[in-house]
Amino acid sequence: MNFSSVDFLLSVHSLKQLPIPDLPEVAFAGRSNVGKSSLINKLVARKNLVKVSGRPGKTQGLNFFQVADEFYLVDLPGYGFARVSKSMQNSWQDLISSYLETRETLKCVVVIMDIRHEPKKMDGQLLQWLREQSITILPVYTKIDKLSGSKRQKNASLLDAGHGIKSSERVLFSAKTGQGRDELIVRLSAVLQP
Ligand code: GDP
């Protein structure tokens, strides 16, 4: 599967705008500033496909990209940014949860967490909700270049325990070094198989 042939398709702000579900789909979720844009750019080997956020929390739709003739990559708005009002958080949440619940071609949600952080409540809530919906989850712990080997393993284990994730399930990733990119591609290719 060629992950570097990628084009921006559209930004969706209401369910009516969703593209016809004619390809399998993978969505990417994470707290604001977790490194989601950097991960997607690294995955598709583009420097600036997704704008790395100088301004977290600005209103954003669900950004659809088409990867070759193979699948849609969906960049979900980052969550958990304190400066966004509650009502805006709620309307984002409504759109995103309706999309995730109803999208028949959705194969997997990549949930990105920062390896340096303790288990975050909002990530836990998202993971639990996705499990309740029987949506396949691919957890990724990113920014691993920021921790040395033993600290990296220790923090990965803390996140595993805090979120009920098996170590065999998740991918360790660095957008800086590219570590984990090949494994992420293998995992995504597997969930995208017809
Ligand atoms: P987003 O808000 O989740 O899309 O996060 P961004 O991709 O904009 O990244 C937030 C900040 O973290 C930026 O300054 C990135 O350069 C930095 N960053 C993201 N991923 C990594 C990584 O794997 N390693 C390092 N060292 N920095 C990263």
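Analyst: Strands here are DSSP E runs of at least two residues and helices H or I runs of at least four, numbered from the N terminus. Bear in mind that this is a predicted model: local features need pLDDT of at least 70, side-chain atom pairs count only at pLDDT 80 or more, and totals for chains, interfaces and linings use all residues. Residues are numbered from 1 along each chain as its sequence is written.

User: How do S3 and S4 pair?
Analyst: Antiparallel, over 5 bridges; a pair of strands needs at least two DSSP bridges between them. Their hairpin has 3 residues between the strands, and Ala68 takes a positive phi near 45 degrees there.

User: And in what order do the strands of the sheet run?
Analyst: S1-S3-S4-S2-S5-S6-S7, an open sheet of 7 strands with mixed pairing. S1 (6-12) and S7 (171-172) are at the edges with a single partner strand each, so one side of each has no neighbour in the sheet.

User: What about S2 and S5, parallel or antiparallel?
Analyst: Parallel, over 6 bridges, between residues 25-30 of S2 and 106-114 of S5. Phe28 sits opposite Val110 in S5. Helix H3 (residues 121-132) packs on the sheet and touches S2, S5 and S6 (137-142), where contact means C-beta atoms, placed from the backbone, within 7 Å. H3's direction makes about 160 degrees with that of S5, using lines fitted to C-alpha atoms, for helices over the stretch in contact, with angles from 0 to 180 degrees between N-to-C directions.

User: Is Gln128 buried or exposed?
Analyst: Gln128, in H3, counts as exposed because it has 12 C-beta neighbours inside 10 Å. The cut-offs are 20 or more other C-beta atoms within 10 Å for buried, 12 or fewer for exposed and partly exposed in between, with C-beta atoms placed from the backbone.

User: One last thing, what does Ile112 touch?
Analyst: Leaving out residues up to four places away in sequence, the contacts of Ile112 include Phe28, Ala29, Gly35, Lys36 and Val140.

Definitions and conventions: Two residues are in contact if their C-beta atoms, placed from the backbone, lie within 7 Å.
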